[in-house]
Amino acid sequence: MSTIPRLVIAAPASGSGKTTVATGLMAAFTEAGLTVSAHKVGPDYIDPGYHALATGRPGRNLDAYLCGPDQVAPLFLHGSAGADLAVVEGVMGLYDGASGLGELASTAQVAKLLRAPVVLVVDASAQSRSVAALVHGFASWDPEVRLAGVILNKVGSDRHEELLRAALDEAGVPVLGALRRAPQVRTPSRHLGLVPVAERQAEAVESVRAQAAQVREGCDLKALLALAHSAPELSGTAWDPALAVAQGAGGAAAVAGRPVVAVAGGAAFTFSYAEHPELLRAAGAEVAVFDPLRDERLPAGTQALVIGGGFPEMYAAELSANEPLRRAVVDLAASGAPVVAECAGLLYLSRSLDGQPMCGVLPADARMSERLTLGYREAVALTDNALAVAGTRVRGHEFHRTVLEPGAGASPAWGMTHPVRRVEGHVQDGVHASYLHVHWAAEPSLARRLAARAADRPPLEARRG
């Protein structure tokens with residue numbers, strides 16, 4: 001049983017300000033001396049970067065679609081171990097989930113699974129008394145969701161705040177904060193959402209500080225903390241990466257030899273779930289992070305390579321200019337070493353991105369598109385590869401504004417089974433490259449298979465010799 005104090009920060013709709021409020025709360029409580037565990041509902045990679053900046057701990061995702069409802073509480077307990085308080089930022093509107101699947105993957109479902117009180121962030125900029133009807137509807141829609149208070153955002157004046165508070169007092173819903181419009185706390189956005197922390201470190205630090213100051217000034221932190229302490233005990237056992245890997249491998253032990261798995265990082269490759277390196281280490285690998293924008297060599301002893309998601313389209317010229325690293329990636333792939341690429345990594349392995357030469361590992365070219373590809377997917381591995389055995393079924397997520405031509409190679413990575421049937425991605429030699437983001441905590445065998453394939457390869461220097 002766990003008694004960690006916890007809050008879920010939700011909203012009626014996207015754009016209401018829940019990221020500002022959640023991040024501000026995390027930073028304010030951290031500055032007050034509490035150890036805060038940060039969580040994000042859904043597959044979003046960018047918000048957890050701001051959460052990590054606010055708390056000094058990894059930002060973690062809770063996704064009931066990707067990992068299953070049964071994994072939500074265990075992953076939460078794992079991520080919040082040792083914390084004084086957990087703050088969970090919701091996704092979209094409180095009751096919005098996976099399309100056509102009811103409450104699955106919604107903030108409401110996660111709040112119920114965590115038995116956590118919900119604080120609703122309401123954009124009050126264009127309403128006064130009507131706010132009570134809005135909040136009443138959200139509070140009464142699902143009796144199992146404990147909507148315990150409201151934070152009013154974008155309040156125009158003292159008089160406006162008085163009207164809002166009076167209306168909500170009639171509705172019997174506590175107002176736990178009222179925030180004025182504050183341009184200085186806004187975080188810049190572009191085609192896939194907020195600009196990641198890694199791309200604007202200094203500005204992001206100041207933005208988080210401003211959010212913390214705004215929350216301290218406008219919210220009742222004492223009442224919010226008391227509300228978090230009112231969450232009941234949460235039963236269950238914390239997720240354990242070592243146990244997950246062993247169970248996923250049928251009880252097999254971690255691989256021997258500590259094979260080095262190089263993982264791309266830096267500003268161009270910021271999308272990764274916190275559990276992935278934990279699973280690789282539990283599987284017996286040594287994780288070595290490098291920056292394709294700056295490093296001209298792969299880490300010493302590299303035996304496998306992981307290139308996750310991010311924004312290579314914003315850095316195409318810089319990535320292209322780093323010819324020594326591109327050659328090193330080509331050499332590694334040509335040797336048959338396992339190379340796993342997701343989304344941004346797929347583009348980096350292509351011949352070109354918006355006309356800029358990339359690694360050329362894959363016989364495909366990428367370009368920016370006006371069309372956003374976004375949504376949950378179900379898929380099956382079509383062949384044995386570096387990541388999965390044929391027939392492995394996964395749930396994943398696509399999120400990009402780029403097009404790869406051809407989108408599938410002679411040996412595709414995945415056969416999509418829902419919501420549409422198609423083949424996607426490229427498998428050749430040791431390379432597995434795809435647009436699909438997969439959360440390995442749902443299928444820990446992926447991490448162990450990659451580690452085992454890496455252990456079978458000689459280190460980078462030995463191959464050169």
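Start by selecting R258, which is partly exposed because its relative accessible area is 43%. The cut-offs are these: buried means under 20% relative accessible area, exposed means over 50%, and partly exposed lies in between, with a 1.4 Å probe and protein chains only. R258 sits in the loop between α9 (241–248) and β10. Its phi is positive, near 50°, and R258 is a residue other than glycine. Most residues other than glycine have a negative phi, and most peptide bonds are trans.

Before the next stop, note that this is a predicted model, in which local features need pLDDT of at least 70 and side-chain atom pairs count only at pLDDT 80 or more, while totals for chains, interfaces and linings use all residues. Residues are numbered from 1 along each chain as its sequence is written, and side-chain values use heavy atoms, with hydrogens and water left out.

Element names need a rule too: helices (H or I, at least four residues) and strands (E, at least two) are DSSP runs, numbered from the N terminus.

Select D429, in the loop between β20 (426–428) and β21 (431–434). D429 is not a glycine, yet its phi is positive, about 55°. Is D429 buried or exposed? D429 counts as exposed, because its relative accessibility is 68%.

**Two cis peptide bonds**

Select E405 and P406. The peptide bond that joins them is cis, with omega about -5°. P406 belongs to the loop between β17 (393–405) and β18 (414–418). Now go to H418 and P419, where the peptide bond is also cis and omega is near 5°. P419 is in the loop between β18 and β19 (422–424).

**Helix α2**

Select residues 46–55, which form α2. Seven of the 10 residues of α2 are buried, so this helix is mostly covered. The buried ones are I46, D47, P48, Y50, H51, A54 and T55. Just after α2 comes G56, with a positive phi of about 75°.

**Helix α10 and what follows**

Select residues 275–282 for helix α10, which is mostly covered, with six of its eight residues buried. Colour E275, H276, E278, L279, L280 and A282 to show the buried residues. After α10 comes G284, whose phi is positive, near 110°. A285 lies in the loop between α10 and β11. A285 counts as buried because its relative accessibility is 0%.

The search uses a 1 Å grid over the protein atoms alone: a cavity is a set of points where a 1.4 Å probe fits but cannot get out, a pocket is an open set with protein on both sides within 12 Å along at least five of seven lines, and lining residues have an atom within 4 Å of a point. Grid points are joined across faces, edges and corners, and a volume is the space filled by probe spheres set on the points.

The second largest pocket holds about 840 Å³ of space. Select F269, T270, F271, S272 and Y273, which are the closest to its centre of the 40 residues that line this pocket. Which element supplies the largest share of the lining? That is α2, with six residues. Other elements that supply at least two lining residues include β3 (60–62), α10 and β12 (302–307). By class, the lining has 26 nonpolar, 11 polar and three charged residues. Here Ala, Val, Leu, Ile, Met, Phe, Trp, Tyr, Cys and Pro count as nonpolar, Asp, Glu, Lys and Arg as charged, and the others, Gly among them, as polar.

**The second largest cavity**

The count comes to two cavities of 30 Å³ or more. The second largest cavity holds about 40 Å³ of space. Select V340, A341, E342, L387, W414, H432, L436 and V438 to see its lining. With three residues, β13 gives the most to this lining. By class, the lining of the second largest cavity has six nonpolar, one polar and one charged residues.
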